[in-house]
Structure formats: C-alpha cells, structure tokens
Amino acid sequence: MNRKTQIAVVGAGLGGLTVAGFLQRAGFPVMVYEQAPTFSRIGAGIILSANAMKVLRRLGVEDELVRTGIKPQCYVSRAWDTGATMYEIYFDAASEKRFGGPYINIHRGDLHDVLAQAVAPKTIAFDHQLVDVKKSQGRYLLSFRNGGTAQADIVIGADGIRSKVREIFIDDRPPRFIGAVAHRAIFSAERLGGFKIPDCTKWWGRDRHSLPYYMTGRRDELYVIGVVPAREWDSEAVSLPGSREAMMADFADFHPDYQRVLRAVGTVTVWPIFDRARDDRWSGDRVVLMGDACHPMRPFMAAGGAMAIEDGAVLSRCIVHFDDPAEAFACYAATRIPRVADVQRISLENSWMRGPTDTDWFYCYDACTAELAHPSPSALPLAGEAKAGGLGTAESH
Ligand SMILES: Cc1cc2nc3c(=O)[nH]c(=O)nc-3n(C[C@H](O)[C@H](O)[C@H](O)COP(=O)(O)OP(=O)(O)OC[C@H]3O[C@@H](n4cnc5c(N)ncnc54)[C@H](O)[C@@H]3O)c2cc1C
C-alpha cells in the first residue's frame, strides 16, 4: 500500500501496539488512540508463549520482556483433589530451539510498558476515547470523547472486547457473559513463608480451575487467577473488590498444596468473563478489526493476547503487501481465521494441556513468516459502508 496512507489504530493494547510498531517500521504514518489517560499496572499477569515472543522479537522487545518477566522452568497441570500430575511441559534451551522462542510469564503493566517502546515516540494519543467515526471526503473522521478529532485513510479497530469500531461498522451487540468470574490476586512471594511451588501450575477442578505463577525472574512476585461459575454479573464495573476468604471458600476442597498458596494471597479483585460467538466478519470498507475486537475468547488457553499479537504481524504484512485495502483485509482474515478458530474452540472446551497435548502447531507457528492465504474473489470484503463489511460466514458456538 502507498506509504502515505494514514492509519489510525484505535486501542493501545497488545494488538494495537504490535500492528502500529510493524506499520511504522514499514514507513506508514500511524497514530494510536487510547482511551486510558496512561498505562496503569492493573493487577494481573499474562502468559506469552513462543509464538507471541517470536513476533515481539521483530519489534526489538524480546530481551527486555525476558529480563522483566520470568522464563518459567515448567508448566504443570494438577488434579484439584489428589494433586496428581495430569500433564507437564518443561521450558529449557531445547524447547526454545524447538518452538523458536521462549515462554514467559509477566505482569501486564510491565508488558505494556515494554511494548510501548516498540512504537515511535509521541504516536500514542492517551485520553482519546473513540466515540464516532464518519466518512468525510473519502477519508475517515474520528471523534473522541475529549472533543478532539483526527483523520485517517484506514482505521484499525484494536479496541478490545467492547470495541467501538466493531459497534459502528460491524455489529452493535454487546459481548456475552459466559457464566463465570475470575478471582485475581498479585502478592509477594515472601508471603508463602518459604513454601516452594513450581513456576506455573494449573489446578483443574470439575467446574473451576486456578493458575498460580511467578511473574518475575527473581521469583518475588506471584499472580493467581481462579475461575469459578457465577450465575450473573449485574455490574457495569470492569472488576469489583473481592476477598481472600471468598476465594478460599470457592476452592475449599482443593488440594492442600494449593490451599497454602491461597493463604498467602492479600488483595483480591473479581472480574467477569465475557466472550462472543465466533463471527468471521472482521472488516469493512477501509476498516479492519483485530484481537479481542473481532475474536474475543475465553481465557482458558491463555492465548487471547498471543492471538492479538499474531494478528498484528499478519495484518501489517498484508497492508504492506497489497495495494488495495480490500485485498489486504481479505488476505489477513483468510490467513488468521482458521488458526484463531482452533484457539477459540480449545479455549471454549478448556482442554489445553489438561492431558497429553500436541503443542507444536501452536508454539512453533511464526506469524512473521507463515504463508499468507489467498482468499477466493467471492470472499473479498464488501466495499460498503457501516455494517456492510462481512467476510465469510458467521458461525455460532
Ligand atoms: C482473566 C483473563 C486472563 C487472560 N490471560 C491471558 C494470558 O495469560 N495470555 C494471553 O495471551 N491472553 C490472556 N487473556 C486474553 C488477553 O488479555 C486478551 O485477549 C488481549 O488483551 C486482547 O488484546 P487486544 O489488544 O485485542 O485488546 P486489549 O488488550 O483489551 O486492548 C484494547 C485497548 O483498547 C482500548 N480501548 C477500548 N475502547 C476504546 C475506545 N473507544 N477508544 C480508544 N481506546 C479504546 C483499551 O483501553 C485497551 O487499551 C486473558 C484474558 C482474561 C479476561
């Protein structure tokens, strides 16, 4: 595409920063608009597998992420009652060679701080919440809650599960509550009182599960997420205060090793979990979605962020490769949808690494070199206006 094409990325999350970093390196003028006034160190960790790290390596942030987070030695799946090991995978030099990159756990705030270094200075406009987009003389006019406006030739909606770009151009239905909430806590490893735990464990119950893991190479900070069924969530809040007592009650019959971890927890917050039925409409006329904006998934494979990062690599390659945005977006969707659909399905089943698992297809994938798919002409997006930009068929699950 012509390098004078002005690109607006809405949302400075994992996907938005990744695609902006690649497009800027390719010579495009790109601005990122983020609703938050600044990045904050929200109380959560994140797992980044080798497939995501290989992409971030090309943005020059791999070493810093490894320094800031932890390369866990292993990931262990254990049964909630007996504590029996159901599956384990070791991460070492041999696995790094096989997968082509490391596996890391990191604090989300730290990840954002590092990822922000991948985009050009002064190209993230904070405190810019998108409220509307209109066509104006063949370009897009973006309006923000702060009263500001901006123009762009292409709009990339990287604005997460409640995407405004999606609402305006594709579908205004809200995401669905999946009937589960997550207790989340970050705490100092000192509170374990010397009790040793593996770097990353998933405890599997019948209808609930929990993951405690270290987030730093010093092994001084831990994160635990515990997902339990919940009939409803009737708050507008992104999260609500929780408590160690409530979390312990929800996991009262879990193995004593896990109870030791929960006793060390301090502040807890509770987060509702949402997703959407699979919907393959990812683009409209010069507008394209990525990450949770088009394929939010249950967080049970710890792969939603990795998918947003991979999207960023593939979308930027397509924008560089094709002159016509419609062709670029069709190629992007055709390349990404089969892989993302597998990850959505596995996340829905909550089956990843529960027992013997082939992990190669997921970890060995390299979004920077993977073959781009060539969609049939009939799969090209409609060159229409708002809500007329579907690709393929929508399929529910
Ligand atoms: C409990 C839980 C645990 C998870 N654990 C993992 C994990 O371990 N590993 C993993 O890979 N994934 C994990 N995920 C999934 C992962 O967090 C998401 O898939 C990922 O953050 C999606 O990235 P994104 O860039 O698409 O969206 P986001 O990271 O949500 O970023 C969207 C950005 O857009 C901004 N924004 C939204 N609306 C507007 C607007 N109108 N105007 C301007 N800006 C806007 C937001 O402020 C935000 O900064 C987890 C998810 C949950 C819920």
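Leaving aside neighbours within four places in sequence, His-255 is in contact with Arg-78, Trp-80, Asp-81, Thr-82, Gly-83 and Trp-203, where contact means heavy atoms within 4.5 Å. This is a predicted model, in which local features need pLDDT of at least 70 and side-chain atom pairs count only at pLDDT 80 or more, while totals for chains, interfaces and linings use all residues. Residues are numbered from 1 along each chain as its sequence is written, and side-chain values use heavy atoms, with hydrogens and water left out.

**His-255 and its place**

- His-255 sits in the loop between helix 7 (244–250) and helix 8 (256–263); helices here are DSSP runs of H or I with at least four residues, and strands are runs of E with at least two, numbered from the N terminus.
- His-255 counts as buried because its relative accessibility is 13%; buried means under 20% relative accessible area, exposed means over 50%, and partly exposed lies in between, using a 1.4 Å probe and protein chains only.

**Helix 2 and helix 9**

- The axes of helix 2 (residues 50–58) and helix 9 (residues 304–321) come within 9 Å and cross at roughly 40 degrees. Axes are lines fitted to C-alpha atoms, for helices over the stretch in contact, and angles run from 0 to 180 degrees between N-to-C directions.
- Helix 2 and helix 9 are therefore oblique to each other. Angles under 35 degrees count as roughly parallel, over 145 as roughly antiparallel, 65 to 115 as roughly perpendicular, and the rest as oblique.
- On the helix 2 side, the contact is made by Asn-51, Ala-52, Val-55 and Leu-56. On the helix 9 side, it is made by Ala-306, Met-307, Ile-309, Glu-310 and Ala-313.
- By class, this contact has seven nonpolar, one polar and one charged residues. Ala, Val, Leu, Ile, Met, Phe, Trp, Tyr, Cys and Pro count as nonpolar, Asp, Glu, Lys and Arg as charged, and the others, Gly among them, as polar.
- Helix 2 is mostly covered, with seven of its nine residues buried. The buried residues are Ala-50, Asn-51, Ala-52, Met-53, Lys-54, Val-55 and Leu-56.
- After helix 2 comes Gly-60, which has a positive phi near 80 degrees.

**Cysteines**

- The structure holds zero disulfides, a disulfide being a pair of cysteine sulfur atoms within 2.5 Å.
- Cys-294 is in no disulfide, and the nearest cysteine sulfur, that of Cys-318, is 13 Å away. Cys-294 counts as buried because its relative accessibility is 3%.
- The sulfur of Cys-364 is too far for a bond, because the closest cysteine sulfur, in Cys-368, is 15 Å away. Cys-364 has a relative accessible area of 30%, so it is partly exposed.

- Asn-350 lies in the loop between helix 10 (325–349) and helix 11 (360–363). Although Asn-350 is not a glycine, its phi is positive, about 55 degrees. With a relative accessible area of 12%, Asn-350 is buried.
- Met-353 also has its place in the loop between helix 10 and helix 11. Its phi is positive at about 60 degrees, although Met-353 is not a glycine. Met-353 has a relative accessible area of 1%, so it is buried.

**Asp-113**

- Asp-113 is found in helix 5 (residues 108–116) and counts as partly exposed because its relative accessibility is 45%.
- Asp-113 and Phe-144 are 31 residues apart in sequence and 24 Å apart in space, C-alpha to C-alpha.
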